[in-house]
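I opened the model to look up its pocket, its nonpolar cores and the confidence along the chain. My notes follow in the order I worked.

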Amino acid sequence: MNENKEEAEFGFIKLLFGYVYRRLNFQHFLYFCVFITFDIGDTVTAAIMMDSKGVGFESNPLIQYIYFNYGLSGLIAAKLWLIIIPLMIASTKVKNSFWFINGILASMIVLGLMAIQANIQAISGLSHMSPMEINAIYLVVLILFTFAGTILDNYTKTRAQNSFSNRIKGYKYSSTLSEFILCDP
């Protein structure tokens, strides 16, 4: 009896992971990485830094205000609502922007990793990159990744259009028959 129960539980877990595996794509993985690095990692290390060094040690006055008034959970929620949610909405509303959005997400992961490193170094009292250096690197990476994403989006759109036009080249529309007729090439 116990064996059947364990098999049923394992079967459910296997089905669940199979469903998740089929439903998730590369962009979902990038959103998860942005959430972990930029939202959670940067926010937690910044909160630890502000607790140990003082709120004034954070260079962003908006982050200082939110943390001072709403704490860590308010800061995580603000980053989620002000940055990640609008990106998710943009990725669903703007068609043919899959790789462009991926470029933004990848650059945000780089930004999150640099911010985590700078926060940890600041907590430890080590020298770290200034916010200006981090922002400059982020902007360069953002421009490069989104430019590459735009090129990939245009390539995939052109390829899809060519694929569609090649499929219908072998057909001719007959207005009298109101149907497509396969023509010999």
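How do the residues of the lining of the largest pocket divide into nonpolar, polar and charged? I counted 20 nonpolar, seven polar and three charged residues in that lining. I note here that the model is predicted.

Entry 1, the largest pocket. I read its volume as about 720 Å³. The lining has 30 residues, and those closest to the centre of the pocket are Asp42, Glu58, Asn60, Ala115 and Asn135. I then sorted the lining by element. Helix 2 (26-53), helix 3 (61-93), helix 4 (98-124) and helix 5 (131-169) each give at least two residues to it. Helix 3 has the largest share, with eight residues.

I found 18 residues in the largest core, where Val34, Leu87, Leu105 and Met108 touch the most other members. At least two residues of this core come from each of helix 2, helix 3, helix 4 and helix 5. Helix 4 contributes the most, with eight residues. I also noted a second, separate core of eight residues, with Ala47, Ile63, Tyr67 and Ala78 among them.

I located Leu139 in helix 5. From Leu139 to Met108 I got a C-alpha separation of 10.0 Å, with the two residues 31 apart along the chain. Why is Leu139 not counted as buried? Its relative accessible area is 46%, and buried requires under 20%. Leu139 is therefore partly exposed.

The mean pLDDT of the protein chain is 82, and 80% of its residues reach 70 or more. I compared the elements next. Over residues 173-185 the pLDDT stays under 50. For that stretch I found 16 contacts beyond four places in sequence in the model. I left the contacts of residues 173-185 as a count.

Technical notes:
Residues are numbered from 1 along each chain as its sequence is written. This is a predicted model: local features need pLDDT of at least 70, side-chain atom pairs count only at pLDDT 80 or more; totals for chains, interfaces and linings use all residues. Side-chain values use heavy atoms; hydrogens and water are left out. On a 1 Å grid over the protein atoms alone, a cavity is a set of points where a 1.4 Å probe fits but cannot get out, and a pocket is an open set with protein on both sides within 12 Å along at least five of seven lines; lining residues have an atom within 4 Å of a point. Grid points are joined across faces, edges and corners, and a volume is the space filled by probe spheres set on the points. Helices (H or I, at least four residues) and strands (E, at least two) are DSSP runs, numbered from the N terminus. Ala, Val, Leu, Ile, Met, Phe, Trp, Tyr, Cys and Pro count as nonpolar, Asp, Glu, Lys and Arg as charged, and the others, Gly among them, as polar. A nonpolar core is a set of buried Ala, Val, Leu, Ile, Met, Phe, Trp, Tyr and Cys residues joined through side-chain atoms within 4.5 Å. Buried means under 20% relative accessible area, exposed over 50%, partly exposed in between (1.4 Å probe, protein chains only). pLDDT is the predictor's confidence in each residue, from 0 to 100. Contact means heavy atoms within 4.5 Å.
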